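Have the structure open beside you as you read.

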Amino acid sequence: MAVEKWRIRDALTVVTMDSDRTELAGADILVEDGRIVALGAGPGDPDGWETIDAAGCVVTPALVNTHHHLFQTLTRAVPECQDALLFAWLEALYPVWARMRPEDMVVSAQLGLAELALSGCGTSADHLYLFPDGVRLEDTIEAAATIGLRFHPTRGAMSVGESAGGLPPDRLVEREADIVEDCIRVVDAFDDPSPGAMVRVGIAPCSPFSVSRELMRDAALLAEDKGVRLHTHLAENAEDVAFSLETFGCRPGDYAESLGWLGDHVWHAHCVELDASEIALFARTGTGVAHCPSSNCRLGSGIAPVRAMRDSGIAVGLGVDGSASNDSGSLLPEARQAMLMQRARHGADAMGAREALEIATLGGAQILGRAGEIGSIEIGKRADLAIWDVSGLGAAGAWDPVAALVLCGPFTVRDLLVEGRPVVRDGGLITVDPVALAETARRRVARLVS
């Protein structure tokens with residue numbers, strides 16, 4: 001029988017991310033039935049509690065990944081795409097992705113989620129927008145259940161192919177009526193609105209350049225009717241903005257506003273090219289942003305105006321983006337990258353290590369609508385906890401162990417609990433065999449290459 005009660009004992013520092021950003025030294029955390037039930041001075045050795053010794057460790061909320069394309073984990077470092085900009089990168093990879101099968105999707109998602117778990121991530125969104133050869137959204141939901149992460153899959157779509165002036169090949173697009181029908185199916189079948197839910201489903205047409213105006217509008221109306229969240233790519237780079245101006249006669253933010261794609265149930269990925277008026281529009285409407293710093297660098301898209309977004313009150317979370325455009329799926333390094341890019345643009349005081357950690361935890365929980373449950377360590381919240389050993393070489397010499405998580409490293413999480421259940425223990429993934437998973441992934445890649 002699984003342990004239902006955990007005592008995390010004698011942490012060097014607990015980074016709560018509560019409203020006062022409290023940090024507790026030498027603290028214990030008690031977890032029961034998936035919730036945090038006590039926090040602070042140790043209660044001795046209560047009977048029936050399994051102990052995790054956190055001496056020499058920093059405990060943070062489990063990190064939250066707000067944008068991913070898990071299907072891309074089997075297409076990392078593809079030679080033809082290593083130096084391409086966004087549109088050329090997509091055009092090179094579409095034929096490869098068209099050869100994927102349901103079993104590829106499962107393995108690719110498991111691989112990406114395992115990598116996230118080892119980087120301290122307890123919750124991940126995913127944006128699956130192509131469905132070749134019988135692929136369904138539940139392929140990724142099945143994969144998340146095997147790894148043990150909290151999962152926010154979104155049913156993406158592409159409906160405008162090359163013959164209609166879009167970017168994707170015609171064989172990868174779907175009929176819009178079929179898209180809407182399947183969105184209804186997966187929301188009804190898998191979305192769980194209850195507190196502590198492990199699966200929440202969203203609706204996510206791929207981008208304004210791969211679906212019609214009508215589908216964007218229908219998706220917004222459907223999300224409102226079903227009470228689920230809405231997601232897409234927006235203003236990712238200069239090409240994206242130029243397409244919007246030429247095709248729609250307006251900037252991406254204005255296009256989103258015209259179709260009902262703003263509000264506190266909506267988050268957009270990238271937003272590298274938002275201007276001041278669009279930032280003000282997002283702030284006024286409570287629209288969130290998934291910031292993907294490494295992918296933006298990898299594809300040469302630019303530096304997102306995160307400092308201006310946060311100063312205006314926009315909720316910003318982190319995303320690793322697809323592993324074909326990163327080509328890593330580890331979330332903690334994204335916090336470091338986000339911090340460094342804002343400093344490169346605005347100066348050394350533009351963003352500190354603790355703000356970067358906040359974006360990686362509470363910021364992500366906010367834009368996924370889960371800030372009342374995860375993203376901070378507080379009594380009553382879900383027990384999604386990351387325990388980081390800062391006693392080794394990676395942080396040796398560091399005066400500030402919390403800042404060291406972002407400034408030093410790299411780090412692999414020592415222990416990860418999600419909903420009070422262990423996913424990583426002593427630096428190793430325990431829910432699946434990582435060696436067997438890597439070998440299966442190599443076989444799937446060999447088939448795609450051949």
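The residues that line the largest pocket divide into twelve nonpolar, two polar and four charged. Please keep in mind that this is a predicted model.

About 320 Å³ of space lies in this largest pocket. Its lining counts 18 residues, and L74, T75, V78, V445 and V449 lie nearest the centre. Helices α1 (86-97) and α14 (434-449) each supply at least two residues of that lining, and α14 gives the most, with six residues.

The second largest pocket holds about 230 Å³ of space. It is lined by 16 residues, and those closest to its centre are D191, R200, G227, V228 and R229. The elements that give two or more residues to this lining are β8 (150-157) and α5 (213-226). By class, the lining has six nonpolar, six polar and four charged residues.

How many cavities of 30 Å³ or more does the structure hold? There are two of them. The largest cavity has 17 lining residues, and L86, W89, L90, H233 and E236 lie nearest its centre. Helix α1 contributes the largest share of this lining, four residues. In the second largest cavity, the lining is made up of A157, I179, V180, C183, I203, P205, L215, A219 and L222. Helix α4 (176-190), strand β9 (202-205) and helix α5 each supply at least two residues there.

| Space | Volume | Lining by class |
|---|---|---|
| Largest pocket | about 320 Å³ | twelve nonpolar, two polar, four charged |
| Second largest pocket | about 230 Å³ | six nonpolar, six polar, four charged |
| Largest cavity | about 140 Å³ | eight nonpolar, seven polar, two charged |
| Second largest cavity | about 40 Å³ | nine nonpolar, no polar, no charged |

Two elements turn up again in this tour. Helix α5 gives residues to the second largest pocket and to the second largest cavity.

Now for a strand. Is β11 (residues 266-270) largely enclosed or open? Five of its five residues are buried, so the strand is largely enclosed by the rest of the structure. On one side of the pairing list is strand β10 (residues 230-234), which runs parallel to β11 and is joined to it by five bridges. Within this pair, H233 stands opposite A269; H233 is also one of the residues nearest the centre of the largest cavity. Strand β12 (residues 288-291) pairs with β11 too, in the parallel sense, over three bridges. Here W267 stands opposite G288. Together with helix α8 (residues 276-285), strands β11 and β12 make a right-handed β-α-β unit.

Finally, the cysteines. A disulfide is a covalent bond between the sulfur atoms of two cysteines. How many disulfides does the model have? The count comes to zero. Take C206: the closest cysteine sulfur is that of C183, and at 13 Å it is too far for a bond. C206 is buried, with a relative accessible area of 5%, while C183 is among the residues that line the second largest cavity. C408 is partly exposed, with a relative accessible area of 30%.

Conventions
Residues numbered from 1 in each chain as written. Predicted model: local features only at pLDDT ≥ 70, side-chain atom pairs only at ≥ 80, totals over all residues. Heavy atoms only, no water. Buried < 20%, exposed > 50% of the residue type's maximum accessible area, 1.4 Å probe, protein only. Pairing = 2+ DSSP bridges. Right-handed = clockwise from strand over helix to strand, strands pointing away. 1 Å grid on protein atoms, 1.4 Å probe; cavity = no way out; pocket = protein on both sides within 12 Å on 5 of 7 lines; lining within 4 Å. Points joined across faces, edges and corners; volume = space filled by probe spheres on them. Nonpolar A, V, L, I, M, F, W, Y, C, P; charged D, E, K, R; others polar. Disulfide = S-S within 2.5 Å.
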